[in-house]
Amino acid sequence: MTVLVTGAAGFIGAHLCRRLLGEGHEVIGVDNYADFYPSWIKEGNIAPLLRSKKFKFIARDLAELPLRKLLKTVDTVFHLAAQAGVRASWGTHFSVYLKNNVQATQKLLEAAKDGSLSRLIYASSSSVYGLTPDLPMTETSRLYPLSPYGVTKLAAEQMCFLYCKNYGVPTVALRFFTVYGPGQRPDMAFHKFFKAILDGREIAVYGDGRQTRDFTYVDDIVEANLAASKKAKIGHVYNVGGGHREELASLFPLLEAICGKPVRIRWLERQKGDVLHTWADIDKARKELGFRPRTDIRTGLQREWEWILKLYSAPKKALSRKG
Ligand code: NAD
């Protein structure tokens, strides 16, 4: 089977490509190396994939590709390309979110209208829930995004739904809850915490540390994508979370134990767009996809720390193309 992974050089996309190649699929990866974070990190993600003869990489903007022609050659699409990150989505930068999250998705869906895809799996986000009063959050909870990023993720999710209903595009949306593990984006909390600890700096914590998150290990996200490509009901939405939530401050002793260094904290004001709590009800994914999150937070964070140590000790020039 040939599959298309958009956002292939990103954190989750690269893990997904590796797993798909391991399963024997032909994989076409697309990524425009958006400059949200340094391209040498993305090149480090892509480099091992390029060793596989079954991997074809297109370093272009999704919206600029002849998508109709490309989709004729693939069976399944995993659509992860997006401008991620809640905090950067305010102000003039919003246009980038609109372009990469909404307009690029609409172009992909237009191109998929007359195709014969078996599924198009869209990477949605817990940020669509925002201020929903329900905890845990279920797929039927009311949606109140609290950030411009959340609005664009929801707009694209709804775009998937309407192309499904009107044109029969076989879309499925997976709402990922805070993903972590090796390869995590440098703007995300654990990556920033580990890097600060490595550098002997204080870690910056927004709010009072009482916020809770449902953290999901990246391999579990990958498993959910694979399961969804085979078993998900077309037109449906599924939560994909670690299945339990952690209070941020309660994890600091664990970070100290993993890094073997004291954690010093600099408390900062809560950021606009940050929700207080996320917690996924994953019953639907359990029942319909057979999804079971397998990696506990201690194991997952240990693996991320080991990756951080390697990442920041590797000679970056060898990886660097442009940034
Ligand atoms: P990432 O930034 O590491 O990966 C996204 C990739 O998409 C990047 O490499 C970027 O260069 C590429 N991209 C952006 N716009 C593009 C375009 N127009 N054409 C081609 N490539 C483009 O982010 P990630 O954390 O791996 O997230 C992957 C997906 O999962 C995103 O859709 C994100 O919204 C979603 N998601 C992530 C999380 C998380 O915790 N990481 C949580 C919920 C949802």
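Helices here are DSSP runs of H or I with at least four residues, numbered from the N terminus, and their axes are lines fitted to C-alpha atoms over the stretch in contact, with angles from 0 to 180 degrees between N-to-C directions. The model is predicted, so local features need pLDDT of at least 70 and side-chain atom pairs pLDDT 80 or more, while totals for chains, interfaces and linings use all residues. Residues are numbered from 1 along each chain as its sequence is written, and side-chain values use heavy atoms, without hydrogens and water.

Let's start with helix 8 and helix 10 (residues 297-311), whose axes are 10 Å apart at an angle of about 50 degrees. Where they touch (heavy atoms within 4.5 Å), L254, L255, I258 and C259 of helix 8 meet I297, R298, L301, Q302 and W305 of helix 10. By class, this contact has 7 nonpolar, 1 polar and 1 charged residues.

Now turn to the other partner. Helix 6 (residues 189-199) and helix 8 (residues 252-259) have axes that come within 11 Å and cross at roughly 50 degrees. Here F193, F194 and I197 of helix 6 meet F252, L255, I258 and C259 of helix 8. This contact counts 7 nonpolar residues, with no polar and no charged ones.

Finally, visit the ligand. Around the ligand are 28 residues (a heavy atom within 4 Å), and D31, Y37, Y149, V179 and R185 come nearest. An oxygen atom of the ligand lies 2.8 Å from a polar backbone atom of V179. A polar side-chain atom of D61 is 3.1 Å from a nitrogen atom of the ligand.

Notes
Helices (H or I, at least four residues) and strands (E, at least two) are DSSP runs, numbered from the N terminus. Ala, Val, Leu, Ile, Met, Phe, Trp, Tyr, Cys and Pro count as nonpolar, Asp, Glu, Lys and Arg as charged, and the others, Gly among them, as polar. A polar contact is a pair of N or O atoms within 3.5 Å; within protein, one must be able to donate a hydrogen and the other to accept it, and residues adjacent in sequence count only if both atoms are side-chain atoms.
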